[in-house]
Structures are given as structure tokens and as C-alpha cells.
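This briefing is meant for a reader meeting the structure for the first time. It begins with the nonpolar core and then turns to the strands and the ligand.

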Amino acid sequence: MTDVPLVLADGIVRRDASRGQTLLQLTQFALHAGDRVAITGPSGSGKSVFLRALALLDPLDAGCIQWHGASVARAAIPR
Ligand SMILES: Nc1ncnc2c1ncn2[C@@H]1O[C@H](COP(=O)(O)OP(=O)(O)OP(=O)(O)O)[C@@H](O)[C@H]1O
Ligand SMILES: [Mg+2]
């Protein structure tokens, strides 16, 4: 049995493009089959920033998103 996550955020970073401010510090996150994950934190702590990055709705400044072990390009998301 392999241990490839369904979704992997591998060293992702997000910055505000206009000011260069870091919105999401270097983050490693894996979701495995059967996992249930809750993301908690106060308003403005970055939950939506993280989830938008995970869904490749916003451009990453570092790292990549993998789906079943394969890197996904942002351009492929509409498909
Ligand atoms: N595109 C953006 N450009 C600049 N700053 C942003 C951008 N998106 C989010 N931020 C800032 O990043 C921080 C985290 O915001 P985020 O919306 O991720 O918080 P949240 O944890 O989802 O809050 P809430 O619980 O209110 O939904 C906030 O300071 C927000 O203003
Ligand atoms: Mg939010």
C-alpha cells in the first residue's frame, strides 16, 4: 500500500502581489484518504488564504499542489 496523499500542499507560500507582504508562510499540508480536517483560527488568521492557495485559485509564490502524487498546474484547474 502506498502512502500518497489525495492532496498535498508541498512548501506553499503566498504573497500579496502588490506589496510583497507574506500572506501564507511556508506551509506543508497533506490530506490522506479518509482524513477529516478542520482549519481553525481567528478572523484574518489566513484560513481563506490557505484554502484558496490549496485550490490553486490564487498564484503560489513557492511550492506546489499535488493531486494523487502529481503536481497540478493552475491552468489545469478549470478542467
Ligand atoms: N489578496 C489579498 N491581498 C492582500 N491581503 C490579503 C489578500 N487576501 C487576504 N489578505 C489578508 O490576509 C489575511 C488573512 O485573511 P483571510 O481572509 O485568509 O482570513 P480568514 O482566516 O479566512 O478570516 P475569516 O475567518 O474572517 O474568514 C488578512 O489580513 C487579509 O486582509
Ligand atoms: Mg475566511
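**Core, hairpin and ligand shell**

In this predicted model, the largest nonpolar core is made up of seven residues, namely Leu8, Ala9, Ile12, Leu24, Ala53, Leu54 and Ile65. Strand 1 and helix 1 each contribute at least two residues to this core, and the largest share, three residues, comes from strand 1.

**Contacts of a core residue**
- Ala53, one of the core residues, is in contact with Ile12, Arg14, Leu24, Asp58 and Leu60, when its neighbours within four places in sequence are left aside.
- Among these partners of Ala53, Ile12 and Leu24 also belong to the largest nonpolar core.

**The hairpin**
- Strand 1, which covers residues 7-15, runs antiparallel to strand 2, which covers residues 22-31, and six bridges join the two.
- Leu8, which is listed in the core, stands opposite Ala30 in strand 2.
- The two strands form a hairpin with six residues between them, and in the turn Gly20 has a positive phi of about 75°.

**The surroundings of ligand 1**
- The shell around ligand 1 consists of Asp16, Leu23, Gly41, Ser43, Gly44, Ser45, Gly46, Lys47, Ser48 and Val49.
- By residue class, this shell around ligand 1 divides into six polar, two charged and two nonpolar residues.

Methods: Residues numbered from 1 in each chain as written. Chains lettered and ligands numbered in written order. Predicted model: local features only at pLDDT ≥ 70, side-chain atom pairs only at ≥ 80, totals over all residues. Near = placed C-beta within 6 Å. Nonpolar A, V, L, I, M, F, W, Y, C, P; charged D, E, K, R; others polar. Pairing = 2+ DSSP bridges. Helix = DSSP H or I, 4+ residues; strand = E, 2+ residues; numbered from the N terminus. Core = buried A, V, L, I, M, F, W, Y, C linked by C-beta atoms within 7 Å. Buried ≥ 20, exposed ≤ 12 C-beta atoms within 10 Å, placed from the backbone. Contact = placed C-beta atoms within 7 Å.
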